[in-house]
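Hello,

As promised, here is the structure for you to open alongside this note. Have a look around first, and then read on for what turned up.

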Number of protein chains: 2
Amino acid sequence: MLSVAEAAARTRALVRRLPAEEVALDDAAGRILAADVVATRSLPGVDNSAMDGFAARCAELPATLPVVAHVPAGLVPDPLPPGSAARIMTGAPLPEGADTVVMFEDARDAGETVELPPSREGANIRRMGEDIAAGERALDAGTRLGWGEIALAAALGCARVAVTRRPVVAIVATGDELVDIGTVPGPGQVVDSTAHALAAHIAEVGGVARHLGIARDREEDVIALVEQALGCDLVLTTGGVSAGDHDHVRSALAAAGVQLDFWKVAMKPGKPLAAGRAGHVPVFALPGNPVSSLVAFELFVRPALLTMLGAAGVDRPRAPVILPDGYKKPPGRAHYLRAWVVRDGDRLVAALHPQQGSHMLTSVVGIDALVEIEAGGGDIEPGGTATAILLRAV
Amino acid sequence: MLSVAEAAARTRALVRRLPAEEVALDDAAGRILAADVVATRSLPGVDNSAMDGFAARCAELPATLPVVAHVPAGLVPDPLPPGSAARIMTGAPLPEGADTVVMFEDARDAGETVELPPSREGANIRRMGEDIAAGERALDAGTRLGWGEIALAAALGCARVAVTRRPVVAIVATGDELVDIGTVPGPGQVVDSTAHALAAHIAEVGGVARHLGIARDREEDVIALVEQALGCDLVLTTGGVSAGDHDHVRSALAAAGVQLDFWKVAMKPGKPLAAGRAGHVPVFALPGNPVSSLVAFELFVRPALLTMLGAAGVDRPRAPVILPDGYKKPPGRAHYLRAWVVRDGDRLVAALHPQQGSHMLTSVVGIDALVEIEAGGGDIEPGGTATAILLRAV
C-alpha cells in the first residue's frame, strides 16, 4: 500500500496550475496572486512629516523662528526660506529646505513665531520610497491576498490584480443509502453530508464546488455523472471505492476515461482512496465514510487545489503536541486523529476526540488539528509527543 | 490615557448582538450559529456494519454457516435466522438477530456458505446513536460553521440554519490628501488604501463593508458622510482624529449625534483612536496612518464585530515568542509589532519587521502575528520572550 508521503507526491504530479484572471482589488481578498505585483510608484511618494509639528532647518536650531507657512496634508508647499519654520501636519509634504520636524509637544508655539529646541536631521521625517521604491517587488506571485496585502496593493494603485482562476470542483456522491439533505432518511438511509462539508472546504481553499448529485450503486449511474464532472477542473467522488460488492467507482472511472494512478493509501481513516487523471482533469475517488473522506480531502485534495491555484504554501503548519493519555496504535497505517489543542506555555497539548471512528461526525466538530501518528510509529506513552497538523491558530 | 485592556472592555460595552436570520446550510460556511443545533435524529440512525463482511450470532461461532442474505447499504434486511450468516456491506443495517460482523479478510467465503472464526459481541458494529442521539445538542450557538460543523449539521438534516445577521460596516475615510484607488496621486497625495484593507478584514470577520467615500478635512463634509453611515450597524472613520489643525472628526461625530466614550489609547501604533455610540450604532474613529488604523481594527473592531455576531471566541490566540534581537521600548504605551513567526520545536521565534513605522505598509504584508509589548514592559533582551497575538496558524 502507498504511504501517505508517496500518495501526496503523486497527487501533486496530477495537477497543474490554472490560468490567471484579472479581478478588482475589492473582489480579490482570499485569492492567490498569479503574478508579482511590482511597485509603479514609491511609497511615500514624497518626503513628508511623521508628526503634527514644525518643519525647520536643524542647523538653525535651537531658535525662535517666524512661522511663514502652514502645510496641510495633500498640498505641495513652497520652499522654506532660511531662518523660518512652517507649521506642518502629519503626512504633509516637507517643504524644500526643511530637514527636520519638531513635534507640537516639543515646540513653544506663539502663533506668529515658534520656539524650537535642538533637533537632528531627518527627525520625524518619512523619506520618499522608504516603505517601497518604484520598481521594487511589492507582492510575490503565489501570495494569498489578506487585508495587509490589500493595503499595500491599494496604496500602489492596483485597482485590479491578476489572480489564479478559481478551480471548479465537481462532487459526485455515490451510494444507494444516500438521500439529499431535504429528505428524511428511511431506516438504513443517511444524508449525503459529505458533499456539503466538501463544498464548504473547497470554498475555504479558494475553489468553487459543483455538487452534481448522488449516483446510485450501478456502474452506468456513476459513469454518467463522472462524464458530466469531467468538464470541471477537478473531480471528487465519494464512496464506492472500497472492495465491497457494490463498489463500482473505480471501474466507472476507468470506463469514463480516467487513468487511475493509485488506489489505497496506508492511512486511517481514509485508506480506500484512489486518484488519477482524465486528460488534464485530476480525479480523486474519496472513501464513503464521511470522516475518511474529509481527512483524505485535507491531506490530498486541499494541497492539490492550492497547487492548482499556484499558492506559495500548500501545507498546513505542523507542531509537536503532547498526548496526555498517549495513544495505542497497531503498526501498518498512519493514523490521523481529530483533536482539540490547548496551549500550556510553550507546549501544545492535544485532547483526542474520544470517538475516532470514521463514521463519527461529532469528531470533526470544533477540532483544531489532525494528530498524525506515522505508519512506522507505534504506541505513544501517556505524556508522549506526536505531530499535529494545525487546522487553525492555537 | 486609557490602557488597551480598558479600551477593549469599553469597546465590548458599546456593541450588542445582532438578530438572527435563516440561511441555507450551503450558504452558511463561515457564519456564526445564532442558536444551538439540537439533533432531531440519531446518528447512526440504526445499528449498522462498520465493515464489508458477514453478520452472524457470536454465540454460534466458530462455524461454517449458510449465507442466507445479502445486505447492501440503504435497505432494511429481514431478520437473520439462527444458524445462518448474512453477507453485509459497510453502513448496511444489521439484521435483527445478528450481534457481530466478521470482516471479509477474516472469513473463508465459499459462496453459499462461509467459514467464520470466533468473534465478540458488537465487533464491527456501529450502534444507533453512538455518534449523537436524538435530543442531544449537536452544535452550540456562537460556533463558526466550518466544514466539520457543516458535515454534522448536514447529516442531521439541517437544510437551513439560524445564523447571526452579518453586520454592515460603514467606512468613512477623511483627509484632503486622499485620492481613490483609480486616481494617480499628485505630489503629496496618497491613495485611500486603508478603506480597501478594512473592507477585506471586515469580510474576513463576517461583516459587509460599505465604503461611503472620502470626506475632505472640513467638519461639514465629515458630518454629511457620518450621518449617512449611521444607517449601518457599525461605523468606522479613518483619519482626522488626532490633535492636528484639520482634525475635525471628533467634533463632526459629536455634531452627528455620536457620544464619544473614549479618545486616545496608550498604544503604538494606534494612539489617536476614539470610540463611542450613536443610539445603538457603535462608532470607531480610527487613526489616519494606515498601519495604526489596521492595528486598531485588529485590537478593537474585530472583537466588537465578533461580539455583534455572538461568536463564542472573540480573541485571537496568544502564544509566547522569542525575540532573537530583543526590542528597545520606552515606557508609557503598549507596542504592537508586526512579525513573522517560525517554529523551532516547541518554541515560536518572532522576526520583527525591520520597519515598524505606522506608515510602512510593507510591515503588514505576510505577517503572522502582532507581538505585544505591554505598556508597563520595558526593553526585551536579545533572546527574551514576548506575547504574540497570532493572526494565523504557525
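**What was found**

Let me start with a pair of helices in chain B: the crossing of α1(B) and α6(B) is right-handed. Please keep in mind throughout that this is a predicted model.

In that pair, α1 covers residues 4-14 of chain B and α6 covers residues 290-308 of chain B, and the two pack at an angle of about 30 degrees with their axes 9 Å apart. Angles under 35 degrees count as roughly parallel, and α1(B) and α6(B) are therefore roughly parallel to each other. Sorted by class, the contact of α1(B) with α6(B) has 8 nonpolar, 2 polar and 1 charged residues.

From α3(B), the residues in the contact are Ser193(B), Thr194(B), Ala197(B), Leu198(B), His201(B) and Val205(B). From α6(B) come Pro290(B), Ser293(B), Leu294(B), Phe297(B), Arg302(B), Leu305(B) and Leu306(B). By class, the contact of α3(B) with α6(B) has 8 nonpolar, 4 polar and 1 charged residues.

You can find the corresponding pair in chain A. The axes of α3(A) and α6(A) come within 11 Å and cross at roughly 25 degrees, which makes α3(A) roughly parallel to α6(A). The crossing of α3(A) and α6(A) is right-handed. Among the residues that make the contact are His201(A) and Val205(A) of α3(A), together with Phe297(A) and Arg302(A) of α6(A). The contact of α3(A) with α6(A) divides into 8 nonpolar, 4 polar and 1 charged residues.

**How the two chains sit together**

How can chain A be laid on chain B? A turn of 180 degrees with a shift of 0.0 Å along the axis does it, with an RMSD of 0.1 Å. The two copies are thus related as by a two-fold rotation axis. To find that axis on screen, go to Ala393(A): in chain A, its C-alpha is the nearest to the axis, at 1.8 Å. The same surface serves both copies, with 100% of the contact residues of chain A recurring in chain B.

As for the interface itself, 81 residues of chain A are in contact with 82 residues of chain B. On the chain A side, at least two residues each are supplied by α2 (147-155), β15 (190-191), α3 (193-205), α6 (290-308) and β22 (318-323). The largest share, 9 residues, comes from α3(A). By class, the side of chain A that touches chain B divides into 45 nonpolar, 22 polar and 14 charged residues.

**Domains**

Chain A is divided into four parts, two of them built from separate stretches of sequence:

- Domain 1 is 4-17 + 166-308.
- Domain 2 is 20-43 + 131-164.
- Domain 3 is 48-126.
- Domain 4 is 318-390.

Taken over C-alpha atoms, the centres of domain 1 and domain 3 of chain A are 67 Å apart.

**Backbone spots to check by eye**

Most residues other than glycine have a negative phi, and most peptide bonds are trans. A few places here do otherwise.

- The peptide bond from Leu43(A) to Pro44(A) is cis, with omega near -15 degrees. Pro44(A) lies in the loop between β2 (37-38) and β3 (48-49) of chain A.
- The peptide bond from Lys268(A) to Pro269(A) is also cis, with omega near -5 degrees. You will find Pro269(A) in the loop between β19 (267-268) and β20 (274-278) of chain A.
- Asn124(B) is not a glycine, yet has a positive phi of about 55 degrees. Asn124(B) belongs to the loop between β9 (113-116) and β10 (125-126) of chain B.

Happy viewing, and do write back with any questions.

Best wishes

Methods
Residues numbered from 1 in each chain as written. Chains lettered and ligands numbered in written order. Predicted model: local features only at pLDDT ≥ 70, side-chain atom pairs only at ≥ 80, totals over all residues. Domains from an automatic or database assignment. Least-squares fit on C-alpha atoms with pLDDT ≥ 70 in both. Contact = placed C-beta atoms within 7 Å. Helix = DSSP H or I, 4+ residues; strand = E, 2+ residues; numbered from the N terminus. Nonpolar A, V, L, I, M, F, W, Y, C, P; charged D, E, K, R; others polar. Axes fitted to C-alpha atoms, helices over the stretch in contact; angles between N-to-C directions. Parallel < 35°, antiparallel > 145°, perpendicular 65-115°, else oblique. Left-handed = near helix turned anticlockwise from the far one by under 90°.
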